Amino acid sequence: MLGQMQSQPLLISNLIVHADRHHHSTEIVSRRVEGDIHRTTWGQVAARARRVANALDSLHLSFGDRVGTLAWNGYRHLELYFGVSGSGRVLHTLNPRLHPEQLVWIVNHADDRALCFDMSFLPLVQAVHAKCPGVKHWIALCDADKLPADTGIPGLLSYEAWIGGATDTYTWPEFDENCASSMCYTSGTTGNPKGAVYSHRSTLLHAYGAALPDALGCSARDAILPVVPMFHVNAWGLPYSAAAVGCKLVFPGPALDGKSVYELIEGEQVTMAAGVPTVWQMLLGHMQQNGVKFSTLKRTVIGGSACPPAMIAAFNDQYGVEVLHAWGMTEMSPLGTVCTLKNAQVALPADEKMKVRLKQGRSVFGVDMKIVNELGEEQPWDGKAYGDLLVRGPWIIASYFKGEGGDPLQYDAAGRGWFPTGDVATIDADGFMQITDRSKDVIKSGGEWISSIDVENIAMAHPAVAMAACIGMKHPKWDERPIVVVVKKPGTEVTRDELLAFYEGKIAKWQVPDDVVFVDAIPLGATGKMQKMTLRQQLAGYKLPGL
Ligand code: AMP
């Protein structure tokens, strides 16, 4: 017997139609590349998204054609999110921080037909456009009068003139919800980057899941600031969840320094913000230096890499802001887990609660997870046994674009496919998952594993440490031994021996790093994560003490 409910495909256009109808006058505020603050509403974004759809028709872009973006977080990027995907084309967000050659490779691999870019990326586009012959239309996200006369880019269009010439009357097409809506390439620290291709269905299910109270908890009463870029896994899906709940959105544009982010939070009465730890480091630094506080911010989502305890403590104890530690991946749309407490944990003493908050959290309904040993045998959920973390669910990839890398899934006895995350984790009896490491970053010393994240977190708790990276160095007896590479906070001092003494009593003796190397900077990748491979190359001539 079949259910007798209405059948309506889950499409991204449903989101913008809903936001337009039910949250028409709710504000969308953006700091623009032009430097000013721009204000619009969900109603206006919806109307301009319909213009985008008509303007794409006028360029004769077909259903499924890829439209690339090279843009910061802002209202025009948001209009493209809905106009491109809603009309059946595929939004391909590109990371402008990638090396130009890598960018060219990705644009060509994805077969992008049109590419929309912020004016701050004009020099980049000028340098690469000739190497992207498949891109037939280049569109600068600016007014017609801001377009320089001779850019050397054939047929360059101004976005405002382009959509200004189209009408805002448009009927969103209905099609199979499994059609591709958008795509994003993985950072590709080894080998070529691989494309994750999201569907309308996966995006809508993720939008529901992410908005849940025990996930990111988005509401119409929120003003959400996604500092995480819209080119990094769709700003963790927040633009979609925001349209579903009808909250105010605040976009930082290119200004991600502590002062600019703080001013935007206060000026726009932001209640929730989301970003990677490096961004919050800059924000906290600004606040501590200037002795300022938040007046409206209630919670901040921190993910993308492990959140140091010192950061959770600073937000919570000094500023009364709840940290939602979250974990996910490009291949997971990205949300997997969020660390929101259950009743049993709320009642714990502060130091016990902190231990829970450091975990990456519980799975959002829609994501199943398990840990397995090297034989693929499931490990117990006791908070101690660790193993490779595998996930499955409707917003997790089944394969990469063009089948690159073969079938990525591991199959269980029942034939169900699980995606191996490449992370090593524990899961406790309450279902809280904790990442111990990326499998390639785990340090293997004398047959035992040392978590580089644990070693880094302790260093980061020292008042003189701005950033710390723990890496394993070859050792003839122990196989590998950890060292910690440290950037000092400006104007502070700490010696090697003082920092090593700081580890005493905090972890087992054999887990304490063998050495401290002070550097001016730790290399960060295009999404703000520490690049340990590059760091290892930089330390190529390094020798462990006593060897
Ligand atoms: P990406 O696909 O570039 O977003 O990278 C995903 C990877 O980032 C994950 O597999 C983890 O290794 C890491 N990651 C993301 N969030 C966290 C977190 N909260 N703690 C530790 N690692 C994280």
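Where does Gln-269 lie? I found Gln-269 in the loop between H10 and strand S12 (272–275). I take helices (H or I, at least four residues) and strands (E, at least two) as DSSP runs, numbered from the N terminus. Gln-269 has a positive phi of about 50° although it is not a glycine. At 53% relative accessibility, Gln-269 is exposed, where buried means under 20% relative accessible area, exposed over 50%, and partly exposed in between (1.4 Å probe, protein chains only).

Basis of the entries. I am reading a predicted model, in which local features need pLDDT of at least 70, side-chain atom pairs count only at pLDDT 80 or more, and totals for chains, interfaces and linings use all residues. Residues are numbered from 1 along each chain as its sequence is written, and side-chain values use heavy atoms, with hydrogens and water left out.

I looked up Asp-111, which is not a glycine and has a positive phi of about 60°. Asp-111 sits in the loop between helix H4 (100–110) and strand S5 (112–117). Its relative accessible area is 30%, so Asp-111 is partly exposed.

H10 and H11. I checked how helix H10 (residues 258–267) packs on helix H11 (residues 277–290): the angle is about 80° and the axes are 8 Å apart. Axes are lines fitted to C-alpha atoms, for helices over the stretch in contact, and angles run from 0 to 180 degrees between N-to-C directions. H10 is therefore roughly perpendicular to H11; angles under 35 degrees count as roughly parallel, over 145 as roughly antiparallel, 65 to 115 as roughly perpendicular and the rest as oblique. H10 makes the contact (heavy atoms within 4.5 Å) through Gly-258, Lys-259, Val-261, Tyr-262 and Ile-265, and H11 through Trp-280, Met-282, Leu-283, His-286 and Met-287.

His-286. His-286 has a relative accessible area of 15% and is buried. Leaving aside neighbours within four places in sequence, I list Gly-258, Lys-259 and Tyr-262 as its contacts.

Cores. I looked for nonpolar cores, meaning sets of buried Ala, Val, Leu, Ile, Met, Phe, Trp, Tyr and Cys residues joined through side-chain atoms within 4.5 Å. The largest has 143 residues, and Trp-42, Phe-82, Phe-117, Trp-280, Phe-294 and Phe-315 touch the most other members. Helix H2 (residues 42–58) gives the most to this core, with eight residues. Apart from this core lies another of 19 residues, including Ile-458, Leu-500, Val-512 and Val-516.

H9. Why do I call helix H9 (residues 238–245) largely enclosed by the rest of the structure? Seven of its eight residues are buried. Among the buried ones are Leu-238, Tyr-240 and Val-245. Just after H9, Gly-246 takes a positive phi of about 75°.

Gly-361. I placed Gly-361 in the loop between helix H14 (350–357) and strand S16 (362–363). Gly-361 is buried, at 0% relative accessibility. Gly-361 and Gln-434 are 73 residues apart in sequence, yet 6.9 Å apart in space, C-alpha to C-alpha.

Cis bond. I noted a cis peptide bond from Ser-333 to Pro-334, with omega near 10°. Pro-334 lies in the loop between strand S14 (322–328) and strand S15 (335–338).
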